[in-house]
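Welcome, and please have your viewer ready. We will start with the whole chain and then zoom in on one residue.

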Amino acid sequence: MLFGFTWDTSHGELAFAISILPILLMGLLVTIEASIAGFAVAMVLGLIFAVLKGAPSRFISWPATFITEFFRDTPLLVQLFFLYYVLADHGVILPAFLTGCLALGVQYSAYTAEVYRAGIEAVPKGQSEAARALDFSPLHTFTHIILPQAIPRVVPAFGNYLVSIMKDVPVLSVVTVLEMLGVAKIIGDQTFDYMVPLTMVGGIYLILTIVCSGVVRYVDMKLPKTGIPLK
Amino acid sequence: MTEPIIKFEKVVKKYGSHVVLDELDFDVKPGEKVTIIGPSGSGKSTVLRILMTLEEISSGIIHVDGEPLWHEEKNGSLKPASEAHLKKMRSKLGMVFQQFNLFPHMSVMRNITEAPVNVLKLPKAEARDRAEQLLKMVGLTEHAHKFPSQLSGGQQQRVGIARALAMRPKIMLFDEPTSALDPELVGEVLNVIGSLAAEHDLTMLLVTHEMRFAREVSDRICFFDRGRIREQGTPEEIFTNPKEERTREFLKAVLEG
């Protein structure tokens, strides 16, 4: 029994599988929430790092590069433990779920920053020259001219990282976030049948990532390659 | 004698050791239509790009409308210009690019109104009125709501001209405005530039390979060679009776090619 859910272990594997599906789907909900929250953090933080790394002053771009390298080259688990245990030692106590999403977002911001940069560099130079000739501020040029043209070029790359984040969510179970894999393991621990719940987790993950890739492809197809239209 | 609106004094532009402008002296009077011709690499586009503040100068001084462009007077001495000064100076100039450089994610209307609304802080309705007048002038009233990709190259360039004019510059710079166009589309763009030259007291600086057009619209032709003005004069003088051998060679090559 888990959270009031019970399962059927006496009528064969199919009945067992069906009986644990609802609770696995509850775990799936947590997985999806953590993925989306982590991805959102990665998108926002990545954009900030992309801007800082491209700053004309080395006093800004070098530290930004160093920090993103650090995020990228240390394991997610280390970052997660650091946020969860070390910060707690210093009085910063964050809920497990929030910690997990932050860790995912921080790690992946190093990757999304590179994606943003690639997109930004792919916008023809003439665009920023025209913006300069028309006297736009650097901020307006970035938000209204460069970024809307950069993002549609790199949607598939962002999509890949969204799928990667989803597949990394089970790591959060080590800081007590009960997502789908964690749920399956508890079921296995209690029933001594690991094969059915773990197989189901694998299957659900496969469906999840296929759906997610489909959505990304759809967004990619729908966004005009010339840029997000500003009416 | 009127003060020149553009004045280059011993302007040098270098990329590494490659000299693009070689102590260039060059004046343009207010309202004057000047065409710059010359072989590729002679520095003619660079003159426009420097004026638009897209490229810095290596040395020398440029005055635009009575004020130094790349310098600023502070405590009686000239210092490199601040971004605020460059911004102020840029508002005097408008530029039309070889590759149009329209914003592909904005409608024609928004391409033209974006800068007046966001830079000049014009009310939206006023910016739209201004844009509609300009679209009428360039003959594209029907296309206001289309995106650049739905237009021909000639139409895109006419939008580019309208977009620059919407900022009401004193000086218009045309950087090979028809070089990227299919031959049958060149005429419509030249017509717009031609009527602009005829009807307005705008100062115009044009880099082009369209010699017949240059002859029609220009008050003066400057032949650039290796970063300097090799020869200049009225279209009559340059096209019918060039003094320099180098000018003759160039015109012969262009007019026969």
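Begin with chain A as a whole: among its contacts (heavy atoms within 4.5 Å) between residues at least 6 apart in sequence, 76% join residues at least 24 apart. Bear in mind that this is a predicted model, where local features need pLDDT of at least 70 and side-chain atom pairs count only at pLDDT 80 or more, while totals for chains, interfaces and linings use all residues. Residues are numbered from 1 along each chain as its sequence is written, chains are lettered from A and ligands numbered from 1 in the order written, and side-chain values use heavy atoms, leaving out hydrogens and water.

Now switch to a cartoon view. Chain A has nine helices and zero strands; helices are DSSP runs of H or I with at least four residues, strands runs of E with at least two, numbered from the N terminus. The C-alpha trace spans about 75 × 45 × 25 Å along its principal axes.

Next, show the surface. Chain A exposes about 11,800 Å², with carbon and sulfur atoms supplying 73% of that area (Shrake-Rupley method, 1.4 Å probe). Of the 231 residues in chain A, 45% are buried, meaning under 20% relative accessible area with a 1.4 Å probe, protein chains only.

Finally, select helix H1 (residues 12-53) and pick out Ser19(A) within it. Is Ser19(A) buried or exposed? Ser19(A) counts as buried because its relative accessibility is 18%. Its side chain reaches the backbone oxygen of Phe16(A) at 2.7 Å. Leaving aside residues up to four places away in sequence, Ser19(A) touches Thr6(A), Trp7(A) and Asp8(A).

Definitions and conventions
Buried means under 20% relative accessible area, exposed over 50%, partly exposed in between (1.4 Å probe, protein chains only). A polar contact is a pair of N or O atoms within 3.5 Å; within protein, one must be able to donate a hydrogen and the other to accept it, and residues adjacent in sequence count only if both atoms are side-chain atoms.
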